[in-house]
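Biologist: I would like to learn how to read the features of a model like this one. Could we take them one at a time?

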Amino acid sequence: MASVRFTVTPTKAEDLPGLSDTSPDISSRSTARVRFGSRESVNRSDPLSEGSGGLTTTATAGGGADTPDYSNVDQGDGNSKISSVYINNTHGVDDDDFYDRNLALFEEEMDTRPKVSSLLNRLANYTNLTQGAKEHEEAESIGEKKKTSKSPQMGTFMGVYLPCLQNIFGVILFLRLTWVVGSAGVLQGLCIVFICCCCTMLTAISMSAIATNGVVPAGGSYFMISRSLGPEFGGAVGLCFYLGTTFAGAMYILGAIEILLMYIAPDAAIFKAKGLEGEGAALLNNMRVYGSICLLLMCLLVFVGVKYVNKLASIFLACVIVSIISIYIGALVSAFKPPNFPVCMLGNRTINGHDLMDHNCAKTILLSIKEPVEKDNNFTFTSENVTVGPTLDPGHVAVVVEKTTYIWSQFCQSAELNASCDDYFMNNNFTKIEGIPGLASGIISENLWSSYLSKGDVVEKASLSSSHAAHPASTQQPYVFADITTSFTLLVGIFFPSVTGIMAGSNRSGDLKDAQRSIPIGTILAILTTSIVYLSSVVLFGACIDGVVLRDKFGDSVKGNLVVGILAWPTPWVIVVGSFFSTCGAGLQSLTGAPRLLQAIAKDNIIPFLRVFGHGKANGEPTWALLLTALIAELGILIASLDLVAPILTMFFLMCYLFVNLACALQTLLRTPNWRPRFSYYHWTLSFLGMTICLALMFISSWYYAIVAMVIAGMIYKYIEYHGAEKEWGDGIRGLSLSAARYALLRLEEGPPHTKNWRPQLLVLLKLDEDAHVKSPRLLTFASQLKAGKGLTIVGTVVSGNFLQSYGEALAAEQTLKHLMDKERVKGFCQCIVAQKPREGISHMIQSSGLGGMKPNTVVMGWPHAWRQSEDPQSWKTFINTVRVTTAAHLALLVPKNISLFPSNSEPCTEGYIDVWWIVHDGGMLMLLPFLLRQHKVWRKCGMRIFTVAQMEDNSIQMKKDLATFLYHLRIEAEVEVVEMHDSDISAYTYERTLMMEQRSQMLRQMRLSKSDRDREGNPGSSSSESRPEAGGATRSQAQLVKDRNSMLRLTSIGSDDDDDTDGGERDRVASSGAGSSEHHRRVQMTWTKEKTSQYRATHSGCSTPEGFRDMLSIRPDHSNVRRMHTAVKLNEVIVNKSHDARVVLLNMPGPPRNTEGDENYMEFLEVLTEGLERVLLVRGGGSEVITIYS
């Protein structure tokens, strides 16, 4: 006797614990709950519970616990405890978490449909992960222990705004923006900055929409793209973003080394230039050596711990902000007190300040010497033979001596005044101009327009006069030369990396208190801030600095100072040191973020060969990913040129941004139900505009890099598609596919397909055995050869049983079919129907398969090759029923006979023929099928022969000509032959075959009758069962003449069931036909005994006695059956004679008889028709034309 206890303690509603508490032992946490051991509910208005502080009810559960039992009544504490007779508790389960009394209606489904409180509790315990850690996807977190972690506390300013600023501001602002303004001019410079900033702003709007559409765990852009566009796009773009971030690290390191070697410690160079020619090569080699050392140190710092990088990040950011502020202050100060940075010009050509060894920007100088003079330390310098100096002492005699300067020797063959010099040098004079005229100087009017240079051109000032008669400048001369050819497109590619970094906030989404609010606000504010800084910097640089200095990339004209530095206040070192540290910090951030991004991609397991990079140290640090990142960054450092590395990462970032915009636009246009962003200031047109700008910028900056980046992304996409792990993330591409499919299906629905577009859309019917293995897998092989990957293929099977009980079997059968389809490389769909009777299941499948215009038009099914040996008629009855159903549905039917002998996909036919026996025309299927088969490699080398049959009244010669013409117009190459069939008398063989067929049918009917009788006897006693073998013995022994009892094989056509109610009824009808329906009724009702059984058998057994068997031999065959057999025999003789060596024979399949009584004879006719042929394909058209001679 099991006892169940209920404890009810009334309480106030506010004392109830929170709904999010899902600990299984609720009573241990609070007594203010109701504990139930039963799944039945208790009425809260029970009068017993109203006036009592506590009520304990005990119910007895047992076999006959229907009567009230008031014996267990107990008095204690003034409260009555009474056994409840109204609650029948048959489950002694104490699970109060699931079986709440208010949810008793739903208790049986609690395992699949949990309570809302349970769901909310799981959501409340959701914790954001740190960057690059595991995703919070339920399917991928089973079995993982929940780790307690600190709740994220970072707000918009610290968590998004400042990291975005640090990542956006970088090396380009300090090292290249002045050069971009000088080359492109202020107007085109503003255009470049504006386009790039528009691109990132539009991308940020799209990113904000995606980031606020649900919780985005760490992983940033990769997570957003992969979950919006699917694993293929996600993996491809994620890897592009990873490569872009890695190359960005290399670019920042190269920028830091350039600042170090050019502006901080020029003497630290290992490789020294031997003349001007080797200066570029020496610089590159120095960059490679120092860059590799710097990369190694940074990687070691990242490996030791990210916490050190994060601690340094604020210092680096402070350097950036101080540097930018100093630029603005310097620009304002220059309006009142311009800094003194003179630039030496020869004519309108800029002189390299490094070559002014004696600081003399002149051809010669005059030395004024006092007499007597022992030391020549009292002299004055003059320019262009005009002496300006102190007043000489009148007591001494002055001697003026003209001497050449150091720069003279650079243009002339010697230092003598009469030496041979360069023509341009002789015809132009030296002048000095201010490198920074100041904000109020009006120099911006000169800098408005572009001044693009080719490699090796001299940096010139157009407003200065010069003699252009001389030949072009030599690189041996001390001018400032352009090191690369500049153009608008090149400058776009070089500048764009300075606006990247907008993903920094979304990458840290795991650390934010409210990511859905902080990411849009912080990112957009950061982009607005940086855009204003960049646009104002372009104007300030153009308004304060002379054009020749702006175009001087390395500051050679101002004695090797950083061009931005000379504008800064109070000293250039603020910018030099600040930019050095900021570039180092940006490089560290890239080397920290890239490995985590790679680790996130690897852990998603969508790219198998990257799996190893998902592992790391015990604390989750991606060690292997860091190693790969260092190797790729080293490749960028070996390039050694900032201007060559920048376009590479521009491509990768632009591709990433392009797909972020595409993801947002797709989700918006498709109106995905799950698309509900909190950020509402987006529109699909903005996303498309951003996508267009990204694509345009890719090809504007470098079309060949753009193609390479797209090819890389395309290869990764196809790799994931074919070899990657299957993931389903509810992506937008799937939604796009659904929309496109819906549109296409509605278009197809507008009318039936034209004959030119007709192709077999197959429904392949397969049968599974008891172990859920496909019995005839070659059917699917044949289907794949016929389709060659085109059109619709539905592979179906029928599982016998009830759907409620057999759902699991149906799923298993579907998986079996899918595996076989993958193995045979058949692209298509599976359909598994559960039905009580297979023939009904097949009928339902033929009626319901497909959707709209994508319905199958051809059924492929196997031949029941063991139908003669089987005792059960279901095999061939199901087969014939399927033929009738396909005919009624106007579908074509293909029945391969001896399918096991058909070639597999790995056994191509090297020679032979495909023979077509075109006996009747049923739409041209016989013409089209060989053509389709020969498209496949297995049948490609086979020839095609078409045979047709001529009767006595036909002109066979004319028929052959007409058939050849018809094939010519069909563009089908085939040999043509017309076979004449003469009228002949019905042979004795034909008569004998027909007689044997009818006798066999009669015998099998009697055998089924005997079996039906035995089934109805039941098993009342041993005497009845003992008499059973003798009763059927005579029938069995006689049936051996036409049927081998021992060759009982299981049926191979689809749809053999052992107990079919319909056919049971048919058997009853056959059995009762001899004695009338009333006797049949009585026979069904009577009680069977041994005597009655023997008596009934004696009168109804038909051929169960030797006399009855002899009576069967006197049967005269039906005339129509003899005629049909004659046709089958004659055709078979002709076909075997002509096509005995064919690879496959295609043959018109005659239709089944209208009278169902002749079904078994129909099977015999088909057997006779195809006797002696190895591989036969019986073809039955669907009633419509499938081939045409017109184009």
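This is a predicted model: local features need pLDDT of at least 70, side-chain atom pairs count only at pLDDT 80 or more; totals for chains, interfaces and linings use all residues.

Biologist: How many helices and strands are in the chain?

Modeller: The chain has 37 helices and 21 strands. A loop is then placed by the elements on either side; Pro-570, for example, sits in the loop between helix H17 (563-567) and H18. The peptide bond leading from Trp-569 into Pro-570 is cis, with omega near 5 degrees.

Biologist: And which residues other than glycine have a positive phi?

Modeller: Arg-825 is one of them, with phi of about 55 degrees. Arg-825 belongs to the loop between helix H25 (803-824) and strand S14 (829-835). His-890 also has a positive phi, near 55 degrees, and lies in the loop between helix H27 (874-888) and strand S16 (892-897).

Biologist: Are Arg-825 and His-890 buried or exposed?

Modeller: Buried means under 20% relative accessible area, exposed over 50%, and partly exposed in between, computed with a 1.4 Å probe on protein chains only. Arg-825 is exposed because its relative accessible area is 74%. His-890 is exposed as well, at 59%. Over the chain, buried residues make up 50% of the 1191 residues.

Biologist: How should I read a disulfide?

Modeller: A disulfide is a covalent bond between the sulfur atoms of two cysteines. Here the test is a pair of cysteine sulfur atoms within 2.5 Å. Searching the whole structure gives 2 disulfides. One joins Cys-344 to Cys-361, with an S to S distance of 1.9 Å. This pair links distant parts of the chain, 17 residues apart: Cys-344 is in strand S5 (residues 342-346), and Cys-361 is in the loop between strand S6 (349-350) and strand S7 (364-371). The link of Cys-344 and Cys-361 is right-handed, with 85 degrees about the S-S bond. Cys-344 counts as buried at 3% relative accessibility, and Cys-361 at 9%.

Biologist: Which cysteines form the other disulfide, and how far apart are their sulfur atoms?

Modeller: They are Cys-412 and Cys-421, with sulfur atoms 1.7 Å apart. This link is right-handed too, with 105 degrees about the S-S bond. Cys-412 is buried at 7%, and Cys-421 at 16%. Counting bonded cysteines along the chain, the pattern is 1-2, 3-4. Cys-196, by contrast, is in no disulfide; the nearest cysteine sulfur, that of Cys-197, is 6.8 Å away. Cys-196 is buried, at 0%.

Biologist: What does Val-343 contact beyond its sequence neighbours?

Modeller: Contact means heavy atoms within 4.5 Å. Val-343, in strand S5, is buried at 0% relative accessibility. Leaving aside neighbours within four places in sequence, its contacts include Thr-350, Ile-433, Val-548 and Val-558. Arg-945, in strand S18 (residues 943-950), is buried at 13%. With the same exclusion, Arg-945 touches residues including Asp-915, Glu-975 and Asp-1141. For the chain, 81% of contacts between residues at least 6 apart in sequence join residues at least 24 apart.

Biologist: Last, how do I read a helix pair?

Modeller: Axes are lines fitted to C-alpha atoms, for helices over the stretch in contact, and angles run from 0 to 180 degrees between N-to-C directions. Helix H7 (residues 231-264) and helix H18 (residues 572-604) pack at about 160 degrees, with axes 8 Å apart. H7 is therefore roughly antiparallel to H18; angles under 35 degrees count as roughly parallel, over 145 as roughly antiparallel, 65 to 115 as roughly perpendicular and the rest as oblique.

Notes: Residues are numbered from 1 along each chain as its sequence is written. Side-chain values use heavy atoms; hydrogens and water are left out. Helices (H or I, at least four residues) and strands (E, at least two) are DSSP runs, numbered from the N terminus.
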